[in-house]
Amino acid sequence: MDTISLNHKQENISFPLEIENASAAARVATPKHSLVILDRRELDRHCLAQCMTAHTADFQILAFGSIEEWKQKREEYPPLSAILLNIGGKMVDEPAVSEQIKSLSSEFVSTPVIILSDSDDFAQIVRAIDCGAKGYIPASVSISVCMELIALSVAGGLFVPASALFAMRHLLQSSSSTAQPLAGIFTDRQAEVVAALRRGKANKIIAYELNLRESTVKVHVRNIMKKVKATNRTEVVFKLNDLFQDGISGMSAKSLC
């Protein structure tokens, strides 16, 4: 019986994958852009890369364990169009995961960072988008749908699962009665600024997201501070958090006017 020798020295090297059964067009045409899959699980990332390569000729699919590995070889590949971060069964609110999303999103501002996850939990989706992700794809979708959703993000769209929209509707319906005690404290625009303040966003970011001048945001913040009797930004966030907790418990809005 012949002896089969395995070479383990190459096992941690990331490389673009070529599929023998790929279409003729995919073999002839060289992709002008690349898609990087980030996943520390080598088998998972290379299997996913093979499947994606077989389903698209638009991107050169690259699989790496970290963004640092890609940076070492970036000159060898076409320009980067998107980053697919496969977190598997991990939760977005795990500090290491959320920090990775934030780091990638801030470093690659013009390149969409898309999350691939085993979970379609509403809170996890919201957290991912809040960290800067431009899309959230549950692992339950087909490979063809996954590629279409990635193309959507590359074109400038933002995708979240339909389950997230249903969860949001349910949340709004179930919380409508508890939200009543807070109604009338803030104007609609102030309420939007309040939500942004509670997420720790700076005035410049709030202005951009709400399509306002930064000076207008500052006016709203001052008025909010007056209503909650706060003297600085830190105190206003602290009091807003208390306010929302008290509001859910049934606090009267009049006591805060």
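Trainee: Why is Asp39 called buried rather than exposed?

Mentor: In this predicted model, where local features need pLDDT of at least 70, side-chain atom pairs count only at pLDDT 80 or more, and totals for chains, interfaces and linings use all residues, Asp39 has a relative accessible area of 4%. Buried means under 20% relative accessible area, exposed over 50% and partly exposed in between, with a 1.4 Å probe and protein chains only, so Asp39 counts as buried. Residues are numbered from 1 along each chain as its sequence is written, and side-chain values use heavy atoms, with hydrogens and water left out.

Trainee: What makes the pair of Asp39 and Arg41 a salt bridge?

Mentor: The closest N and O atoms of Asp39 and Arg41 are 3.0 Å apart, and a salt bridge needs a side-chain nitrogen of Lys or Arg within 4 Å of a carboxyl oxygen of Asp or Glu, so the pair qualifies. Arg41, at 35% relative accessibility, counts as partly exposed, and Asp39, Arg41 and Asp44 are linked in a network of salt bridges.

Trainee: How do you know that Arg199 and Asp130 meet in a salt bridge, and which parts does the pair tie together?

Mentor: The N to O distance between the side chains of Arg199 and Asp130 is 3.8 Å, which is within the 4 Å limit, so this pair also counts as a salt bridge. Arg199 lies in the loop between helix H8 (188–198) and helix H9 (203–210), whereas Asp130 lies in helix H5, so the pair ties together parts that are 69 residues apart in sequence; helices here are DSSP runs (H or I, at least four residues), numbered from the N terminus.

Methods
Helix = DSSP H or I, 4+ residues; strand = E, 2+ residues; numbered from the N terminus.
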